Amino acid sequence: MSTEKYRKMYDKINRIMGELTPLKGDCGRLCGGACCKGDDNTGMRLFPFEESTLPQKITESGVRLVVCDGSCNRQERPLACKIFPFFPVIDDKGKVFVEPDTRAKRLCPLLSHSEEILFDKRFFRAVKKVGRILAKDEECLEFLRESTEEIDTYAGFLGE
């Protein structure tokens, strides 16, 4: 897929996600934006070729990351920020599911108190739709598979 095709794909994904968050409203207000406090060594992983659509600083320390100072234009956040703390995981048959990203468990109170929270179903439908779009591209599909394996491995370490 060309850079222009990826740009169009991510534009479509961004329209689907819009302003949705797991809650109705900015969930970062609950925890003081815990997921937005990064430094030069931490950040959000980019999906394949997503860097062509973002204005933020991107580090190349083995993993492509967007690093921020805790304030951003919400429209220009990377996809990982928009779907946090959930992820469109993929099973061995290629079916997409939206599950908690266990890598975020220590950071995000939404995951540690999920049984007490009324989530926005529109958010989950959007993330699933985004996952299906990503799964149509071979490099994005591989990224989803690798991320799913990493999430499952981390969940195993947590005993979940």
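In this predicted model, helix H1 covers residues 3-17, and its 15 residues take the chain 21 Å from the first C-alpha to the last. That is close to the 21 Å expected at 1.5 Å a residue. So which residues of H1 are buried? They are Tyr6, Met9, Tyr10, Ile13, Ile16 and Met17. Looking down the axis of H1, these buried residues fall within an arc of 110 degrees, so they line one face of the helix.

The other side of H1 tells its own story. Lys8 and Arg15 are exposed, and they sit on the face turned away from the buried side. As for what covers the buried residues of H1, the list includes helix H3 (79-83), helix H5 (121-135) and H6. Just after H1 comes Gly18, which takes a positive phi of about 50 degrees.

Helix H6, one of the elements covering the buried residues of H1, runs over residues 138-158 and holds Thr148. Is Thr148 buried or exposed? With a relative accessible area of 7%, Thr148 counts as buried because this value is under the 20% cut-off. Leaving aside residues up to four places away in sequence, Thr148 touches Val89 and Ile90.

Methods. Residues are numbered from 1 along each chain as its sequence is written. This is a predicted model: local features need pLDDT of at least 70, side-chain atom pairs count only at pLDDT 80 or more; totals for chains, interfaces and linings use all residues. Side-chain values use heavy atoms; hydrogens and water are left out. Helices (H or I, at least four residues) and strands (E, at least two) are DSSP runs, numbered from the N terminus. Buried means under 20% relative accessible area, exposed over 50%, partly exposed in between (1.4 Å probe, protein chains only). Contact means heavy atoms within 4.5 Å. The expected span of a helix is 1.5 Å times one less than its number of residues. The arc is that of the directions from the helix axis to the C-beta atoms.
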